[in-house]
Every structure is written in structure tokens, then in C-alpha cells.
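Welcome! Here is a short tour of one model, written for someone who likes to check contacts and angles for themselves. Have the viewer open and follow along.

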Amino acid sequence: FRSLGSSVVPCFRPMLAMTSSCVVVALGLLAVQASAFICPPESLESAPVGLPAGSKCGGTCNAHGSCADGLECQKPPARMPLLMGVQASGTCVPSGQGPPLASLEPSVRQAAEEGLKALNAQSNNIYMLVPIFVKATDQTGGDMYHLSMVLAASSCRNDGSHRPDDADCTPVGGVEHKSMDVVMQHKADNSFALLKAVPTEQRSRTFKPLTI
């Protein structure tokens, strides 16, 4: 017998079939306990509201808060059911948003695409990073693009054979979104250079080249 909270699950190690049954019963009891999980009222009341696009949202007991009107909290697909009341966090994106790069102005879209290519070229991750949300935060003199990006690892291998906006490269489940502040330069020869890339939570610090 094994104890699970106030419940007791019969498990008999010598018998493989019984062990499998034990796992099923244990997961069932965990699911029941998860459904009974109650968030403290004060945590729900203190959660931020009206978060802008690109913000982190949701999470257990809505710890990161709720999106502003016209936005929805897009969460990465779960690889398996979350137990014990745990909920995934997401990113505030426009409701009904299509492909993240499609709504950008052509010059900004080109800068974002080149930035994503550069980020993936520097990345050691075997899976390609794809955009969940992208917006231009500043444009100086026509040749500098300051971009805010929310990225996720995708189902496509990071081998250079796919574009960042490839419809076949969907975000993988169970991986939290990564927010990045990116600066791109449009050079005289019409190419783009990645000048800076840092996680959003570090944007108040000195910019340094990104190492993934």
C-alpha cells in the first residue's frame, strides 16, 4: 500500500499488471485532488489586469494577470495534463491573431524575419525558434529597428531548412514562451545585422550579444 494525501493506493511490486493498475489509480486520485484546488481570494484580487500585447499572462491562480480588452492569453499546448491546480502561463496576443509576422509593415517584417534567422543561427537548440508575437517598439532614422518578440521552440529542426513563419513549424507543447528585445540594423547593401538581443526581463541592463 502507498499513501497519497489522505488516500491509500494498493500497490503490489511483484506483479507488473498490478503495478500498472496502481499508477492508473494514483493518477486518477491526483486528478480528483487537482479539481479541488482553490486559489486564495487575495491572490486572484491582486493579479494584474489590462496587460498589453506581448505580456506574460495567466499561470497558476492567474499570477501573471489578465490581458487587456481585445487580447487573449495564448498558452503553449500542454504535453500532458497539469495536476494539482498548476496552470501554464501564456502571452497576450490580439484576439484571433493570424500568423504573427503577417500584420507587420513590410520593412518591419523583413527586419523581424532576418532577426529570427540570426537568432536561430546563434542558437544551440535543435528545434527552431518561431514567433508567437512581434511588434516594433521604435524605429530610428529608417535603418534601426527595435523589436519586441515572444518566441517558442517549434516542431521543426533548427537546420536552416525552414523559414521562421513556416506554417508547418508549430510551437511544441510544455515549453514556456521566451520574450526578447531585439535591435536590427538595415545596412547600405540592403542586408540586416543583429546588433542586440536580450531577454525582456533584462532590458534595463546593458545590452549584450545573445547567447542561447
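In which loop is the place of Cys61? Cys61 sits in the loop between β3 (56–58) and β4 (71–74). Please keep in mind throughout that this is a predicted model.

**Positive phi angles**

Cys61 is not a glycine, yet it has a positive phi of about 55 degrees. With a relative accessible area of 13%, Cys61 is buried. Asn62 also lies in the loop between β3 and β4, and it too takes a positive phi of about 55 degrees without being a glycine. Asn62 is partly exposed, its relative accessible area being 23%. A further positive phi, near 75 degrees, belongs to Asn190 in the hairpin of β8 and β9, where five residues lie between the strands.

Leu71 belongs to strand β4. The C-alpha atoms of Leu71 and Cys92 are 5.9 Å apart in space, while the two residues are 21 apart in sequence. Leaving aside neighbours within four places in sequence, Leu71 is in contact with Leu51, Pro52, Ala53, Cys92, Val93, Pro94 and Ser95.

Thr91 is part of strand β5 (residues 89–94). Thr91 counts as buried because its relative accessibility is 3%, and buried means under 20%. Its contacts, again leaving aside neighbours within four places in sequence, include Gly54, Cys57, Glu72, Cys73, Ile132, Val150 and His177.

In soluble globular proteins, nonpolar side chains tend to be buried together. Here the largest nonpolar core has 18 residues, and among those with the most contacts inside it are Ala112, Tyr145, Leu147, Val182 and Met184. At least two residues of this core come from each of α3 (106–122), β6 (127–140), β7, β8 (178–186) and β9. The largest share, five residues, is supplied by α3.

Not counting residues up to four places away in sequence, Val182 touches Leu119, Tyr145, His146, Leu147, Met149, Leu194, Lys196 and Ala197. A second, separate core has five residues, including Val93, Ile132, Phe133 and Ala152.

Which strands are joined by seven bridges? These are β8 and β9, which run antiparallel. Within this pairing, Met180 has Pro199 in β9 as its bridge partner.

**One aromatic pair**

How many aromatic pairs does a search of the whole structure find? The search finds one. Tyr145 and Phe192 make up this pair, which is tilted, with 6.1 Å centre to centre and 55 degrees between the planes. The pair links distant parts of the chain, with Tyr145 in strand β7 (residues 144–157) and Phe192 in strand β9 (residues 192–199), 47 residues apart. Tyr145 counts as buried at 3% relative accessibility, and Phe192 is buried with a relative accessible area of 14%.

Side chains of opposite charge can pair when their charged atoms come close.

| Salt bridge | N to O distance |
|---|---|
| Arg109 and Glu113 | 3.1 Å |
| Glu113 and Arg163 | 3.2 Å |
| Glu114 and Lys117 | 3.5 Å |

Why are Arg109 and Glu113 separated by about one helical turn? The reason is that they are four residues apart in helix α3. Arg109 is partly exposed at 27% relative accessibility, whereas Glu113 is buried, with a relative accessible area of 12%. Arg163 counts as partly exposed at 41% relative accessibility.

Glu114 and Lys117 are also about one helical turn apart, being three residues apart in helix α3. Glu114 is partly exposed with a relative accessible area of 27%, and Lys117 counts as partly exposed at 38% relative accessibility. Through shared partners, salt bridges join Arg109, Glu113, Arg163 and Asp165 into one network.

Conventions: Residues numbered from 1 in each chain as written. Predicted model: local features only at pLDDT ≥ 70, side-chain atom pairs only at ≥ 80, totals over all residues. Heavy atoms only, no water. Phe/Tyr/Trp six-rings, centres within 6.5 Å; stacked < 30°, edge-to-face > 60°. Buried < 20%, exposed > 50% of the residue type's maximum accessible area, 1.4 Å probe, protein only. Core = buried A, V, L, I, M, F, W, Y, C linked by side-chain atoms within 4.5 Å. Contact = heavy atoms within 4.5 Å. Pairing = 2+ DSSP bridges. Salt bridge = Lys/Arg side-chain N within 4 Å of Asp/Glu carboxyl O.
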